[in-house]
Amino acid sequence: MEATVLDSWVLAEFGTPDALVDATRQMREKGFQGMDTYSPYPLHGGSEALGLPPSRVPFIALGGALTGMCTALAMQTWMNTYDYPLNIGGRPLLSLPAWVPITFELSVLFAAFGIFFGLLALSRLPQPYHPVFESDAFRSASTHGYWLSVPQATGQDATAVMDQLKSLGATQVTLVTGEKE
Amino acid sequence: MNTKRDGVPSQDTSSFALPVVSDRPAPAADAVGEALEHAAANASATETGYGRTYWRSLEEKLGTPEYLEETRPEFPVGADLAPSGFVRREFMQLLGASLALAGATACSTRPQDERLLPYTKTPPEVAPGNPLHYASGMTLAGHTSGLLITAREGRPIKIEGNPQHPVNQGAAGVWEQAYLLSLYDPNRARVMRQGKSPRALRVLAEDVANLVNKAAPADGGARLRFLTEPGNSPMMGDLRNRILKKLPNARFYSYTAMTQDAETEATRALFGNQPVSARYDFAQADVVLSLDADFLESRPANLTYARQFADRRDPKNGALNRLYAAEARFSITGGMADHRLRVKSAEVLAVAAAVAQAIGGPAASVASAAAGKAQLRGTSEEVQKANAWIQAVVADLRAAKPGRTLVIAGERQPAAVHVLAQAINSALGNTGTTVHYVQAPVAEPFGLAQVRALVEDIKAGRVDTLVITAWNPLYALPSDAGLAELLNPATNPDRAKLSVLYTGLYEDETSQYVDWFVPAAHPLETWSDGRAVDGTVSIAQPLIQPLFNGMPESELLALFLTESYRPAYQMLREYWQGQATGQADFESRWETWVSEGIIAGTASPAASGAPDFGAATALVSGYNPPAAPAANELELNFVHDYKVFDGRFGNSAWLQELPDLITKMVWDNAALISPQTAKDLRLEPGAMAELSYGGQKLSVPVWTTPGLADGTVTVALGYGRNGLHEVVAKGVGFNANVLRRAAAPWFDGGATLTKASGSYKFSLTQTHWRMENRPIALDMSVSELAHPSKETEHILERVQGELKPGLQDNLPSFDYGNGYKWGMAIDLSRCTGCSACVVACQAENNIPVVGKEQVARSREMQWLRIDRYFEGAESDPKMVMQPVMCVHCEKAPCEYVCPVNATVHSDEGLNDMVYNRCVGTRYCSNNCPYKVRRFNYLHYTSGKTSTEKMLMNPDVTVRNRGVMEKCTYCVQRIERTRISARVEKRLIQEKELMTACQQTCPTQAITFGSLNDKQQRVTQLHEDERAYKLLHELGTRPRTAHLIRVRNPNPALEPAKSEAATEGSH
Amino acid sequence: MAETAITAPLDPLEPRHLVAPHHDDASLNETLLAHVWAKPGKGWFMLFGVTLSALGLLVIGVTYTLARGIGVWGNNQPVGWAFDIINFVWWVGIGHAGTLISAILLLFQQKWRTSINRFAEAMTLFAVMCAGLFPLLHTGRPWFAFWLFPYPSTLGAWPQFRSPLVWDVFAISTYLTVSALFWYVGLIPDLAALRDSSKTKVQRVVYGLFSLGWRGSGRHWHNYKIAYLLLAGISTPLVVSVHTIVSFDFAVSLIPGWHTTVFPPYFVAGAVFSGFAMVITLIVPARKYLGLRDVITDRHLENMNKVILATGMLVSYGYMMEHFVAWYSQNQYELWTFYVNRATGPYAGVYWLMIACNVITPNIFWFKKCRTSIPIMWVASIMVNIGMWCERFIIIVTSLSQDFLPSSWAIYTPTWVDWCIYIGTLGLFGTLFLLFLKFVPAVAVSEVKELQLELKHAAHLNGHGTHGAH
Amino acid sequence: MSRLSAAALLAVPAIGIGGLMAYVRSPYVTNQQMPVEQPIEFDHRHHAGDEQIDCRYCHWTVEKSPSAGIPSTTVCMSCHAQVWNKSPYLVEVRKAFFSDQPIPWIRVHNLPDFVYFNHAIHVNKGVGCATCHGRIDQMGAVEQHAPLTMSWCLDCHRNPEPNLRPAEFITSMTWAPPADKAEAAALGQKLKEEYDVHSRTSCSTCHR
């Protein structure tokens, strides 16, 4: 592993989800980039607050579905019509109606794989370690806490950022540093 | 060399099968081989004869006590090694080499070393892998039918009828097809013993020699008696005469269960004590009246008669004949009858007398003698209907052209009925055209009278030595014959004075009480000859060396000549050489006799003189009929079983599992009563009942069959066996011989059937006998077929109509234009339901037997079933038989549902069943509308002994558990014929390729061939207007066409047009 | 609870609350995860013992079958399929309710699905696992069952894709996979919650491993929401297609009583019908013992009963349609199958039991009193499932035992191995379900919190202002 | 880290199935290239190679029976009664012959029992011994040359022309089709017509 690059964040906890969303929006308006919110459930308006582009999961899903369909049709036709053509009950060698069920099933399966692995890939999961886990209080993010993380160049003074967050109503603010993911 | 065999000397090959029939010229003689063989032959020969030294080594081994108690007795060294060539046709390996997933195979996938054992000296005609065919014969109860046996690598695997034999004409019955089972049966006796201790042949030979040398001078053998099967073998006849020349006062008696007592008694009366038998010709007969005569199925001449009768049932061969039958039980001939009268067996005499009276002429005088002996009983309405029936029959007999009718009396009927029948025949001028009197092939009398004389001799103490070669007399004889009491030491105080020698294939009921027991060599292990029913002699040559060191009957009797030992082959050749003195070149004529299987020109000559009815009337008036059954009593009928005959085939699993031809019952017999009688006696089918008659009691379960005569109970012989080692037959069914009395061996009044406690579970392969007016087995009169009624037209449309594309058929048709287009045609008019095809299929395709319990759970494995439907009123129905096997549909419903391509259509229209690919989802069987597929629910082919394995056809995979199987149109025969045809670059001829069922069918009801060839019989049958497809409306396009069964009813007896089918509940 | 009407969106059918108002996130988290941490009570262990012994029966039945062959069952020549395929269709049917609740009701924005969807999805997974056992077990040679899959073999032979059994293989494996993914995606946030509130190191590592390092990040939620919705979106047609393909096992054949075109919708309705009944059967006792009465309220049960009533009517329509088509076609074989064999044949008893359970029982839910009374609904749900099992028995066994040729008609009787395996699968289902209740939160915690938030918003919108009033 | 674990997640099944497919086609399963040690070391190099004895002298039923036929001890003794009749190396053969014992050879080409291969039709249609059995004349102990898997048989049944040879070279070990591609194809086509080759792929061709 090459020299571990350090990475640090400013963490701020908010009382209610709405407070977190407003704070995030205001911080973004102030020009802060690369921020991230943490909450036990998806926040109403959270994505707009972070300025995220529309998710690419649907397109991955559509791609998966289409590849599923094509592979299914190709597989069945090649196997039963061209590689080992057999007269089955006088039915035509290429029985497209009979291929329909498996074509549908495979397109659904590949779409599901697309969605699942797309989600993991886009969110770069599984990622067991993240600097954010350094702070113990952050544990509440998965149950009832609402947090905001603001990236901070390591070593510089983060007091300015912390004060701004306090002014926006953060109940507690901490600074954490860890290996860059 | 690691397969050390303990010093078995080079076999004396002289008694080995001579090279006979091989369609190939013998390959270039192995010159070196012959030279070496000559050298070996001239070496100082050990004692000549049947492997004499062999017996000595066996004697030491036999002496050891452990040999006897061994539960699965080992058999002689070497006999279980497959003679040569390839033994790998074992079972389909569970984890075949083709198993792709190495993970699931054993660590090393190298199959355990499989050995190839070549010959040391290859017999010239044997090419390992190719079958050879030998003509041979099977002697059953005094008649020998000609066989053609296929052998592979030195062991017989399949029996067919000999095409050149005048009686068989290529066909074979159920007993011929199952004959190999008795050859390979591991239960066969192996140990010659005196009392309890094993003995060698030398000891027996010495005993017999002392007996003969002592008896000959003293009393000329007066105290020596023989009880044999009827002697239809010329060689054995000659042997008998030479023994009588040595021991003039010895007496030969012969007995077999299938006695023609009555018929021989009648012909003796008619022909002044000359041994004469009547032969019939159904080809000429337009009107046939059967008086309780099951001529289509009961031995010995049923194969010829069935063929002739069936030819006259085909509308293509001109006007149909008409068959009337009067009988108590429902027989195969009754099923084929146009009009069947249900009448008690005792009343058949009344019917015969009434017909004879009406016909007049010599018949009338005989009839007057029979008057008052029997009259039709039953309600007035029944009697009136019977008389009307008789009037119609008489009118029909008279109306037919003279010499074109035939009346036959059954073997169960008394001599009086036979005399009446012959009288009617001569009155109608049939002698010479449909009836021929010939000298009886079996000259000396055989039957119960013989046994009565023997029992008298023994009781009077005139016998001290009894030699029994007849089959199991203690079981087969009626209970009061008296022989059992004499042989059983418990019931016969001076039993010690009598010494009994018995030879048989099995240790059975008789062998318990004998002093000497000699295990018999199976007839296919030795040389013999025998006359068929028409007198033709056929040479029965062996197919294999004796498996269980049995001794041929001829060599056993030859011991009584105390001459030097001669093997059976030598005796046979010398006899026939003696017969052919004067003619030149006996060697080549012998070759042709043995290769063709028959000796031409040995048919029985015509009898001299004409039947003298005057003398016969004394016989008729002398007959005292059985007492009329009182109100609550029934008439008890004994019949031969269609499957186990008189019990001698009881140990054959194929026959036990063959569904009974009428009741479709397996592994059982029952007290059969008519539904009406069951209601009267308040008996449910399957209820245990107590049948008492003549002071004896038999607890037997009841079963009802439509069409039986009311007031009668019928029990089949041959069951309830408890032979010492006959494991398969033990405990199957109920022994009817317990009730049987010598006075009335076939039927008698005075039987009572009372309900006993408990019920009995029968196993049936077909539980529903009605067609629920579905167009399945079409059965109509010729006139109806000529101009069908509205309703019949609708039915014909459903089974023959053209399927309109788009409406009923939306699949494009597949092009089978070039190459072969295999198809089959089954003519229901010809099919009598004799089920020989079912056993032939089982023999050809290694089909396992599953046992009674599995058949009760409806898992029988036969690929071919005969569906027996009853139509009309439950009391007096018509019966129609329909063989159903896989019909190889072109639009097969089983193929598109198989997930692994295990059942696929071949380019020639065969529905291939690939056993090794089948995973066993069973969807194909569910989707088959004909339900002809069979599934190996358990591993039915496990636990086979080495001799049972030798029976397997090496061209057919032996299926494992979890695999589906079905009729394949004998694809192994198609492929073998195709390969030989393609090697010779020619097309397959029609004659060359027959399926196993087609080849054995006595009436040629089944035809197979290529539908692309217009000349083939199967194509003509497919285009016949009677041809229809089973379940045609489902659009499966079967390749097997059934032909409508046509009847030829007598308009006088034809019931009102719309016969109200009063379907009973069932 | 006070009878307060939730004004917006005013829904006359929803007089009572979805989630008890006095909870906030922390307390919700507490109640919902309580049963995961709590030591299993004596009742749980006793029940677990019962299901484990039933599972033992399954092991015995399966090993005996694999050792001796299918012959130890009651299947025979005409009736090639019996308990094996009945159980398969019955279990797959039950499984479909889970997907229905979690996917289809999500698409219909039915709020009341949130607290029971995890419960139902778990039931789906376990039911489909029980069902998945049979396609392998019912084959005569299961050690060659891998030939059903299209792998490049040295034989050069492929599966035959016109066969509904190959469709089944694809459908069931796809359904198992998609349900598992859908369930797992829904579970990740909860696993993270468990990881963070776990007490011992081992729990932390295990839950941490399975939660894939989820940290509730907004960027993740952004993709998560759409992914979850899409999975629900494709699960809906999938569940319909899977049971359609299962019905194709019978519909593509030509056996009278099997090849009616009403089968696909009739089977899907039947699946939903028996699936909801099983949910009711499980949720009523589970709700009481796990203390989830506040989250799985009476309104949920009532809605489910309404669905049972609706699908019950669909199934009854299916029966009626089958009989009508048979009469209308005047086909001799169909008439015999529907009007003679089923109603008066050897299995008439099972037929009339089916009619009683599937046609009459659901109609009691017309009455509000029955719809909301716990004992009536529980008994009715069990009867429905018995009825649906009888329906599959009637379809499969009676049609096979008497079809075209009367000579091949035969009676089927089950053997002890059949019953062992059937009860065994119930045991397997029970065991898995109890383990699920023990180790995984029975209710989707994060979704309920989200729902809680939405309900609060709705309350503020219509200006009540009083804290906690809904 | 996550990319690594995701890749591992997908790689494991891929390697598993792929490895299995390869293993199944390896000689461990198809038993190729495994010389089999026989009870008597019969050396084909000497008999077929040096002495140029035609295959059909010993395997004499190859043209008229499904099995090629293993020679009987008489065939061995046809030469070895005179040639090398004192050699200690052939004691076993002489003992086998005079004690009337078959020599238990070990099967090398072991098709499963449910496959019914027929030598006669192949040999008569122009498929040479070497095509399936390889260069027997260079094998000390006979080993299996071809995989003998079903797909291997199917390849030839679907396209028999390249594997046909004129009848006179049927047992030749050294015959090879003409080098030039077009000429080889023409020869294949000519032989196919001349011998009326009609190789079927219906299942009952080999499975009965």
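Reader: How many residues does helix H10 of chain D have, and what length is expected for H10(D) at 1.5 Å a residue?

Author: This is a predicted model. In chain D, helix H10 covers residues 181-194. From the first C-alpha to the last, H10(D) reaches 20 Å, close to what is expected. The helix has 14 residues, and the expected length is 20 Å.

Reader: Which residue with a positive phi follows H10(D)?

Author: The phi of this residue is near 55°. The residue that follows H10(D) is Asp196(D).

Reader: How confident is the predictor in chain B, as a mean pLDDT?

Author: In chain B, 88% of the residues reach a pLDDT of 70 or more. Over residues 1-33 of chain B the pLDDT is below 50, and this stretch has 53 contacts in the model beyond near neighbours in sequence. Residues 1056-1066 of chain B are also below 50, with nine such contacts. The mean pLDDT of chain B is 85.

Reader: Why is one side of strand E12 and of strand E13 of chain B left without a neighbour in the sheet?

Author: The sheet is open, with four strands in the order E12-E11-E10-E13 of chain B and parallel pairing. Its twist averages 10° from one strand to the next. E12 (339-342) and E13 (405-409) of chain B stand at the edges, so one side of each is left without a neighbour because each has a single partner strand.

Reader: Which residue is the bridge partner of Ala326(B) in E12(B)?

Author: Strand E11 of chain B, residues 322-327, runs parallel to E12(B), and four bridges join them. In E12(B), the partner of Ala326(B) is Leu341(B).

Reader: What angle does the direction of helix H11 of chain B make with that of E10(B)?

Author: Helix H11(B), residues 348-359, packs on the sheet and touches strands E10 (287-291) and E11 of chain B. Helix H13(B), residues 380-399, lies across E10, E11, E12 and E13 of chain B, at about 140° to E10(B). For H11(B) the angle with E10(B) is about 145°.

Reader: In the open sheet E2-E3-E4 of chain B, by how much are neighbouring strands turned against each other on average?

Author: The three strands of this sheet have antiparallel pairing. Strands E2 (132-140) and E4 (155-161) of chain B are its edges, each pairing on one side only.

Reader: Which helix gives the most to the side of domain 1 of chain B that touches domain 2 of chain B?

Author: The domain assignment gives domain 1 of chain B as 1-93 + 124-271 + 441-579 and domain 2 as 276-439. Their contact takes 21 residues from domain 1 and 18 residues from domain 2. By class, the domain 1 side has 11 nonpolar, seven polar and three charged residues. With seven residues, the helix that gives the most is H8(B), residues 261-270.

Reader: Which helix supplies the largest share of the side of chain C that touches chain A?

Author: In this contact, 51 residues of chain C meet 53 residues of chain A. The chain C side divides into 27 nonpolar, 16 polar and eight charged residues. Elements giving two or more residues to it are H1 (25-37), H5 (164-196), H7 (218-251) and H15 (445-461) of chain C. The largest share, 17 residues, comes from H7(C).

Terms used: Residues numbered from 1 in each chain as written. Chains lettered and ligands numbered in written order. Predicted model: local features only at pLDDT ≥ 70, side-chain atom pairs only at ≥ 80, totals over all residues. Expected span 1.5 Å × (residues − 1). Pairing = 2+ DSSP bridges. Axes fitted to C-alpha atoms, helices over the stretch in contact; angles between N-to-C directions. Contact = placed C-beta atoms within 7 Å. Domains from an automatic or database assignment. Nonpolar A, V, L, I, M, F, W, Y, C, P; charged D, E, K, R; others polar. pLDDT = per-residue confidence, 0-100.
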